[in-house]
Protein chains: 2
Amino acid sequence: MRRPPRTAALALMAGLALLATNCSPSPSATVATTVSEASGSAAEGPPNIVIITADDLGYGDLASYGHPNIRTPHLDRMAREGQRWTSFYAQAPVCSPSRAALLTGRVHLRSGMFGRRTAVFFPDSLTGLPATEVTLAEALRDQGYATGIVGKWHLGHLPEYLPTRHGFDSWFGIPYSNDMDWHLPEGMANRTAYFAPEMDYWHVPIMRNEEEVERPADQSTLTDRYAQEAVTFIESHQDQPFFLYLPHTMPHMPLFRSEPFEGHSTAGTYGDVIEEVDSAVGRVLETLERLELAANTLVVFTSDNGPWTSFETHGGSAGPLRHGKGTTFEGGMRVPAIFWWPGTIEPGVIQDIGSAMDLFTTSITLAGGVVPADRPIDGVDISPVLFGTGMTPRDSMAYYRMGELFAFRQGPYKVHFVTEGRYGLPPARTEHDPPLLFDLRVDPGERYDISTEQPTTVAALVEAAARYEANMTIAEPLFDLRGG
Amino acid sequence: MRRPPRTAALALMAGLALLATNCSPSPSATVATTVSEASGSAAEGPPNIVIITADDLGYGDLASYGHPNIRTPHLDRMAREGQRWTSFYAQAPVCSPSRAALLTGRVHLRSGMFGRRTAVFFPDSLTGLPATEVTLAEALRDQGYATGIVGKWHLGHLPEYLPTRHGFDSWFGIPYSNDMDWHLPEGMANRTAYFAPEMDYWHVPIMRNEEEVERPADQSTLTDRYAQEAVTFIESHQDQPFFLYLPHTMPHMPLFRSEPFEGHSTAGTYGDVIEEVDSAVGRVLETLERLELAANTLVVFTSDNGPWTSFETHGGSAGPLRHGKGTTFEGGMRVPAIFWWPGTIEPGVIQDIGSAMDLFTTSITLAGGVVPADRPIDGVDISPVLFGTGMTPRDSMAYYRMGELFAFRQGPYKVHFVTEGRYGLPPARTEHDPPLLFDLRVDPGERYDISTEQPTTVAALVEAAARYEANMTIAEPLFDLRGG
């Protein structure tokens, strides 16, 4: 209990919520009522949940995380009025596994959302997120929520793996990354196409529910259309609890923004793209306030992994952190995370370790549900931190890459067993024995290896990592299953 | 005029202030009255000026500039209620020249505050800031201000060069850097002493006015005592306009903090030290508010140069910027800069290029004075930006090192003619022909040289730099004059 409870009602709520994760059946009606009273709004029932993600957004890409040029007033406002977390992690350094973990509350190895040769799903993938997984959408739908996804899925594009088969009532967006199918002119390199993103190079479709409605997608209006779809979803469901998952396609390469945002920023095309995403966030907040839903809605903004730095100025920045997407250095997985729920969240900057998996457990708990008891769940309930009434039970973080444990953090310390650059960046794969050791408190940039000075710390982390791995159930890797 | 004027009175004031820099004698009484009316306070007369600097504080070391662990609530508050500048520069990458420029409004070459072999003043230096220079303290004293310095001087320790000979009514602090004289035990390396800063290693004195009052200084209480001295100075001069210059000794190595701040941060000793500096800032703000002076006081916080990164976790972080102290990469000279003047400064994040030299011209203008007309002055009046009524005339920045122009910025572009690491960091001195070219808008980290793609931009900057150098008057370098 590092912070004083805001109100007795909130303390009670947090206590009940913690209880709810351990008991079945849950006292969901009680929790829901308490939430409503605590939030001090006229809204009734459990809170709405809105999870917005950007794609390949780096730790250093927002004004509130120190970017000198990119302006993000709506995200700044969320940070000012809510909580800005500085040690929050995507669960993987690339897209598909990270998204699987967010939606299932489980390390992606448990659901087979990895490969030994393939890092993510591709348009020729033969599989997707298994039907046996319980997604956040399914769990919240069981609690009476309307569920919608607006944006990029990337957990299997074949019909049986689509969002609508995983608990979402509706979907508008693209099935995999925006660079994953293309029709390049003769002799043109794909890399060149990234920097000259004319429409007809790229061929990714837009889906509505299970129908392809546009191909190729007009990506220049994608962020704008996502925002409009999100507004419509909220307006359509203002009389019932809803879960909106809004995984933006941008700023994944190739970069597109709508006409009003061309030259909008002083930070080039990348800055324009981030500023349009920020504007889209603002439209969601404005809609919640206009419909008087803000006091009963948790809004979360985060990223699926670090910045794609090998595209130089068309990729983002990890700020003070080392490397980016595809690596298990902090720049690959530590991402911005902002929580907004006016009147309920205790404003501040939070240094606790958080994981995207925690959004699963926390959301279900707030909704008065219980997380699945028939399988290991890795997400924890962080609502005590959000409400300023208590702490998170999480004190560690595992960094997997291609099914292999590359690094492990316990408290402030992090060991690297293996490091590897990717997406064109050094260093190449290197195994470390003894592992590298960094103290992330004083060295968030992972510059100063202290393994020789602190061998007992290394030994303690090696042991903790071994215990963690011993408890990890690993499914068959599904990303390697690809067709002709 | 990128921002709408806040009030007609402010617009008038800005206009008069601009006029004042071009005319002599100045309409100082008119300006002063207008300032008082515009600030909306009961205070009368020209505003008080408080300039607080930290020593070797990096661009990335404050929470509002993206540090993940260091907590700086008082500086965060200044940023939230005032302006946070993201492209503000110390005028040199090391201490003495940077401080000379801040206090004289002139590039340090003009005042001889450089050396060809010696980077800063040392305890065996034979010279100091020439008496012919006009300091901000002298200029403001001429306008009726009480003037005080609390902290590190580093512009000559011999009697004729002390702050009291340069316009300050009073001084409490140290004459040069806190690591510059020492009594090490037999066989102990100076570098080791930095990390084990027992009191009796270090021998720097504390001065009050022109008397040595303590030697060695008890550095562990230095930040705390500076804060107390600042509070006393403000309390003693609440009935007249005052200029307080508060150049903290910390976080220059060796690091010291008082007992209440041991373990105060989660970011090690360096974090503790910054958090104590932040607390000292808070005590200044609290005093101004308690005495009802806040509405008539401009408070500025900045750093003298970038972080001393070769001391690893005992040095700071430049965040997203490259390298640190002693280099002419952005990390060496771009520093945090926060302006606070409640009710008068238009809150926001400012991307304009600013220089510590601008504090000289702006402060004198606000005081109703005129900058010296008998010599080149490089500082410009940034009050139109502070008030939200206009723009700064500055669009370039020159990066000198040891008397040599290493790099030049014009608008968003920066060329490097020479790069050199120092303080133990690579790279070694390298001359670049053609110069390196970076676009700081999209590449603030100076990672992607675009000189081959943009030869005409390179040519334009080479020409602009040549014009700049042609107008630079260079005095004899004084740092090389050292005694036995």
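**Buried residues of H4(A): A:Cys95, A:Ser96, A:Pro97, A:Ser98, A:Arg99, A:Ala100, A:Ala101, A:Leu102, A:Leu103 and A:Thr104.** The model is predicted, and for this reason local features need pLDDT of at least 70 and side-chain atom pairs count only at pLDDT 80 or more, whereas totals for chains, interfaces and linings use all residues. Residues are numbered from 1 along each chain as its sequence is written, and chains are lettered from A and ligands numbered from 1 in the order in which they are written. A residue is called buried if 20 or more other C-beta atoms lie within 10 Å of its own, exposed if 12 or fewer do, and partly exposed in between, with the C-beta atoms placed from the backbone. Helices (H or I, at least four residues) and strands (E, at least two) are DSSP runs, numbered from the N terminus. Because ten of the ten residues of helix H4 (residues 95-104) of chain A are buried, this helix is largely enclosed by the rest of the structure. The buried residues of H4(A) pack against helix H5 (136-142), strand S8 (242-247) and helix H10 (357-366) of chain A; here two residues are in contact if their C-beta atoms, placed from the backbone, lie within 7 Å. A:Gly105 follows H4(A) and has a positive phi, near 70°.

**Chain A and its two assigned domains.** Chain A contains twelve helices and 16 strands. Of its 484 residues, 60% count as buried. Among contacts in chain A between residues at least 6 apart in sequence, 68% join residues at least 24 apart. The domain assignment, which is automatic or taken from a database, gives domain 1 (8-395) and domain 2 (397-470) of chain A. The C-alpha centres of these two domains lie 27 Å apart. In the contact between them, 26 residues of domain 1 of chain A meet 20 residues of domain 2 of chain A. On the side of domain 1 of chain A that touches domain 2 of chain A there are 13 nonpolar, eight polar and five charged residues. Ala, Val, Leu, Ile, Met, Phe, Trp, Tyr, Cys and Pro count as nonpolar, Asp, Glu, Lys and Arg as charged, and the others, Gly among them, as polar.

**Strand pairing around S5 of chain A.** Two strands pair if DSSP finds at least two bridges between them. Strand S4 (residues 146-150) and strand S5 (residues 170-173) of chain A pair in the parallel sense over three bridges, and A:Gly148 has A:Ser170 in S5(A) as its bridge partner. S5(A) also pairs with strand S6 (residues 206-208) of chain A, in the antiparallel sense and over two bridges. There, A:Met207 in S6(A) is the bridge partner of A:Gly173.

**The ten-stranded open sheet of chain B.** The strands are ordered S7-S6-S5-S4-S8-S1-S9-S10-S2-S11, and their pairing is mixed. Strand S7 (211-214) and strand S11 (348-350) of chain B are the edge strands, each pairing on one side only. From one strand to the next, the twist averages 20°; axes are lines fitted to C-alpha atoms, for helices over the stretch in contact, and angles run from 0 to 180 degrees between N-to-C directions. At S7(B), strand S6 (residues 206-208) of chain B pairs in the antiparallel sense over three bridges, with B:Glu214 in S7(B) as the bridge partner of B:Ile206. Helix H3 (residues 73-81) of chain B lies across strand S2 (83-85), strand S9 (297-303) and strand S10 (337-340) of chain B, and runs at about 65° to S10(B).

**The four-stranded open sheet of chain B.** This antiparallel sheet has the order S13-S14-S15-S16. Its edge strands, S13 (396-401) and S16 (430-439) of chain B, each pair on one side only. On average, neighbouring strands of this sheet are turned by 15° against each other, direction ignored. S13(B) and strand S14 (residues 404-410) of chain B pair in the antiparallel sense over six bridges, and B:Ala398 stands opposite B:Phe408 in S14(B). Helix H12 (residues 455-470) of chain B packs on the sheet and touches S13, S14, strand S15 (413-419) and S16 of chain B; the direction of H12(B) makes about 120° with that of S14(B).

**The contact between chain A and chain B.** A rotation of 180° with 0.0 Å of shift along its axis superposes chain B on chain A (RMSD 0.0 Å), which is the relation of a two-fold axis. The superposition is by least squares on the C-alpha atoms of residues with pLDDT of at least 70 in both copies. Of the residues of chain B, B:Gly66 comes closest to the rotation axis, at 2.0 Å (C-alpha). The same surface serves both copies, since 100% of the contact residues of chain B recur in chain A. The contact takes 25 residues from chain B and 25 residues from chain A. The side of chain B that touches chain A has ten nonpolar, twelve polar and three charged residues.
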